[in-house]
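Please keep the sequence and the structure in view while reading.

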Amino acid sequence: MRSRRSRRRAGAGASTVAALAALLAAPTVGPARAAEPEQLAIDLADDTGAFHGGASGSLYGVYGDGVPSRNVLEGMHIRTVSTKAQDGPQHPGADALEMLPPFVDSGGEDVYIYMTDIYRGFPYEWPGADGPARLADFEAKIKKQVQQVLTMGDYKNHVVFVPFNEPEGNMFGTGERSFNKVSWLNDPQYYFEAWKEVYHLIKDLDPDARIAGPNTSVLYNQVKGFLQYAKANDVVPDVMTWHELSSPASVRTNVAKYRQMEKDVGVGPLPINVNEYGHNYHLSVPGQVVQWVSAIEESKIDADLAYWNIDGNLNDSAVEADKGNGQWWLFNAYGQMSGHTVQVTAPHPNQQYSLQGVATLDESKKQSRALFGGKGGDADVVFKNIDPKLFGTTVHATVQEIPWTGQVGDSAPPLRLADQELKVGADGAVTLPMTGMNEMSAYQVILSPGGNGGVPDAPSVGWRQTYEAENATYTGGGYSKNGPEGTPTNVGGFATSGSYNVGGLRTGSDGVLAFDVDVPQDGTYDLSVFANSYNLYDLVKEQGPTNVFLRVDGADPQELRLPLGYKWVVWGHTDTQVKLTAGKHRITLAAMDPDLGVTKGDAIVDKMDLSLRDRHVTAPAVYEAEYATLSGTRPGYTYPGTSGAGAVPLAKGDSATFWVYSRTDGEATVSVDHLGGGRASLSLNGEKLDVPQVGGGRKGTDRVRMFLSGGINKITVTGASHELALDRLRVTPSSGTLTTKVYQAEDGTVTGAAKVTDAYTFASAGKAVTDIGDGKANALTVDVTARHSGRHAVTIRYSNGEQAPATHYNPDPIARHADLSVNGGPARRVLFPTTFHFDNFWELTVPVTLKEGTNRLSFTAAELPDFNGDTYNQYDQRSPYAPVIDRIAVTPLAVK
C-alpha cells in the first residue's frame, strides 16, 4: 500500500514533470500510407467472455457523501472501493461505513475494508509488548468493526473484510512493529495462525461475511503455501487479493500464475481483486491507464487504482466535487461498454507503453465499442468479421479522443474527431487509419449499423496546437528547466507534457515566458495554460493561487490565476480566450505587468494549448441517444432522418441516461431532439424536473432551460406514454431565463464566533465569512428570495484549506462540512472538498426547496463523533468548522 515512497521535491526550481503532446488531427479513412503502420486488430467473431467492468475500482477514492458527488461516482461506474476501517486514523475521511451507502446507492458493488487501517502509521502502530498482545488488541478492534457493519442493514451485503494489508512487510514482516520480526515469507506459521484466528472471529460474528486476503504487495510464490494452509484448515478467503504496482503485463501473467496455483492446490476459482494498481506516472493519463484497463478486463478480475496522493478524488480522476478529468471520461466510456468482450490483438501484445486496447460486442444493441491508446503517431484499427446480420454492409463509426487534462484539470467530454459511414469490405472488415495520435490520450470507436440515412455529426474540434514551455523563450531571472519528470523508468514521478516544465514566475521575479505561435485564420482562440503551484510551498502559502500576466504581442493584458496542487508537478489548467489574426504572434506569461501588478507565489508551467473557436467548437454539445446508458430498451437504426447512427424507442418506463458536461454552474439550454410517437419526462441528477413532458406525435425539438452544475450532470429521459423515438440531446450554455440572485455572505447575519473577514484577496467584493462551526451558536444565516416555490440551486462559493498532519507521503486535506437548514427545517450535511488554500475559491451547488418569497438559509457545523457516537478523532482529522463562505447564488432549477 503506502510502503513505496514517491520522491520529495524542494520547490518549484527543483521540480520536474512528464509529457502531453499536441492534440492532433482527426483520423481519416484514406489511401494506404508509404510505411505500413502498426495495426490493432479487433475480431468481432472471437468472444472472450461477458464484459466485466472490473478495472473501475478505487483505493481511498471516496471521502464521504458528496466528495466526490454521486454523479461523479455513478458516471465513472466505480465497481469496487478499498478504504479504511470506520474511524481509522490513517487518513481523514474515507470511513468505510460513511461512504458505503452513497457508494452503493450510486451503483457500486463492494467496499473492501482495510481492517488494519484502524491503526495510525505505516508500518501500522499496533500496541502491545509482544506479538500475542498486539494481535489481541487487533482482534478486539476487528470485533468492533464487524459489529458496526452488522448495523448497516442490507448495505452490509456489499462489505468485504480485508484483515491484513501487505502482511509480509508489515505486521508479519521483520520490522520493529511486526508481530515478532519473523517474516511470513521465511516462516509462515505465525501469520497463518493469525489468519485462522481472525477468519474464525469474523465468521463467528457474521457467518455470511466475505473475507479477502492475503493482500500481499506482490503475488509471491508463497501465496501457494497460504492456499494450501487455508484449504487444510477450512479458512480459504472468499476473495483473493494482492497488489500490482508493476505493469499491465504483470496483471495478465500473475492472474494466470495464480489460477495455476488454485488448480495445483484444488481450490477456487476465487474472485480476484487486485486492489492497488498503477503509479503516479500512469494515473490521470488516459493513454497510460487504458493499457491497465485492457489487461484487467481481459483477465476478468476486479482492480482498484492505487492511492498515492489525496483521498476522495477517485485516485486523480475527480476534480473538485462534481468534475472529472480525462481519466474520469476514460472510465465513463469503459463503464458504458456492454455485451461480451472480443479478442483484441495488439501490435506488441501485453507490452507496456505500446498500443493496447479492449473491445466489446453487444449483439442486442448491434453495437461494438473499442477503447485503445498508449502510442503516439499513426496506427490502423481494424474491425474484423463484422456480422452483416447485425451491422449490414455499411457501418456507422464514431471516433473520439479522450485527452489528458492533468490530475486536477477539469475535462470536457471526449472530442468527436470523426463520425462517418464506411462500407464493409468483402473480407468482412473495416479499417480506420488513426493519424497523429497522442500517446497520452485514449481513443474510442463506436460501430453501429449504417446505411439507414442517418446524418453524421460534425467533429467537435477544429484547429489546435500545443506549445511546450521548455521550448518557449524565457527572459529575466530565476529560470529553471525541470525534468525529465515521470518516465517508464521513474514511475513514481508525475506525467508531464514533453517530459519537462519551466519554473521562474514567482514573487520578486522579472521573468517572461514567451510562446511564438502561428495560427491559420482570424478569430477567437481558446487558450489553456497547464501549470502548477504546490499549495504548501512557502511562497505559495501567502496568497494561494499564483497570479501571472498574459499579453498578446505586448498588448491586451490579462491576469491569470494558475492552479494549485497537493504536490509539485500536479497539473491543472487555467483557461482564457484571446483574439488573434492569421499568422504569427507572441504570447507571453510574465511575473510583472506595468498595468496589472506583480506575481505573488511560485509556479511551474508545462505547456500552452491553443485552439480555434470555430463552428465545431461553438456548436451545441451533442449526446446521441444510441450511445446513452439504456434501461428497458435498445437502439434502433431504421428511423429516417436521425442524427448519428439511429434513435432509441422509449416506451413507458424505458429510460436513456446521459452524462452531460457543463463548464460552470449555471443555466443551459437542453434541446431534446425526437422523432415523435410519445412523450417522456426529464430528470436532472436524480430529481424529476417539474417541467412539461417532452415529445409528441411528430418529429420535433423541445427546449428546456435547466441549471447544470459545473462538471458532470446526469440527465435521464424516461418514457411516459406511447413510444417516443429519442434522437439526441444538444446542450449549450444560455442565460436570461433562469434568473440568478447573488447574496454576499458578509451581508448575512453572523452569530457567536462566526465573523466577516477581509483576509482573503480572491473573495468576491473582498470579504467572506469565516469561523462558522465548532458549535451551532457560531452560524451564518442569509435571507434569500424566490419568485416561485419549488426546487432551486443554491451555489456556494467557498474555500477550504484545512489539512491534517500526516505520517506518510499522502497529503491529508480535510473535507469540511456545513449543516444547511432551510427555513428552520432539518439540516442537510454538505461536504466541501479541499480547495488547497483558504484564498482559493470554488463553487458547489446544492438543490433545495424554497417557498415563494423570503427563505432563510442557515449554515452551522460541529465536529462529527466517531461511528458509535461516544468518541472523537484525536488527530484533527474531523474538522468542527464549515468552509469559508464568500457568497451564495440562488437559481430556479428548471423551466421549459
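Strands S50 (residues 816-822) and S53 (residues 853-860) run antiparallel and are joined by four bridges. Within this pairing, Val822 has Leu857 of S53 as its bridge partner. Strands here are DSSP runs of E with at least two residues and helices are runs of H or I with at least four residues, both numbered from the N terminus; two strands count as paired if DSSP finds at least two bridges between them. The model is a predicted one, in which local features need pLDDT of at least 70 and side-chain atom pairs count only at pLDDT 80 or more, while totals for chains, interfaces and linings use all residues. Residues are numbered from 1 along each chain as its sequence is written, and side-chain values use heavy atoms, with hydrogens and water left out.

The two strands belong to an open sheet of five strands, ordered S45-S48-S53-S50-S51 with antiparallel pairing. Strand S45 (749-750) and strand S51 (828-832) form the edges, each pairing on one side only.

Arg816 forms a salt bridge with Glu802, with 2.7 Å between the closest N and O atoms; a salt bridge requires a side-chain nitrogen of Lys or Arg within 4 Å of a carboxyl oxygen of Asp or Glu. Glu802 lies in the loop between strand S49 (790-799) and S50, 14 residues from Arg816 in strand S50, and the pair links distant parts of the chain. Glu802 is buried at a relative accessible area of 17%, and Arg816 is buried at 10% relative accessibility; buried means under 20% relative accessible area, exposed over 50%, and partly exposed in between (1.4 Å probe, protein chains only).

Side chains of opposite charge can pair when their charged atoms come close. The structure holds 40 salt bridges. Which residue forms a salt bridge with Glu98? The partner is Arg878, with the closest N and O atoms 2.5 Å apart. Arg878 is in the loop between S53 and strand S54 (884-892) and Glu98 is in helix H2 (residues 96-105), so the pair ties together parts 780 residues apart in sequence. Arg878 counts as buried at 12% relative accessibility, whereas Glu98 is partly exposed at 30%. Both residues belong to a network of salt bridges that also links Lys84, Asp87, Asp95 and Asp866.

A further salt bridge joins the side chains of Asp302 and Arg79 at 2.7 Å, N to O. Asp302 lies in strand S9 (residues 302-305) and Arg79 in the loop between helix H1 (70-75) and strand S3 (80-84), so this pair ties together parts that are 223 residues apart in sequence. Asp302 is buried at 9% relative accessibility, and Arg79 is partly exposed at 23%.
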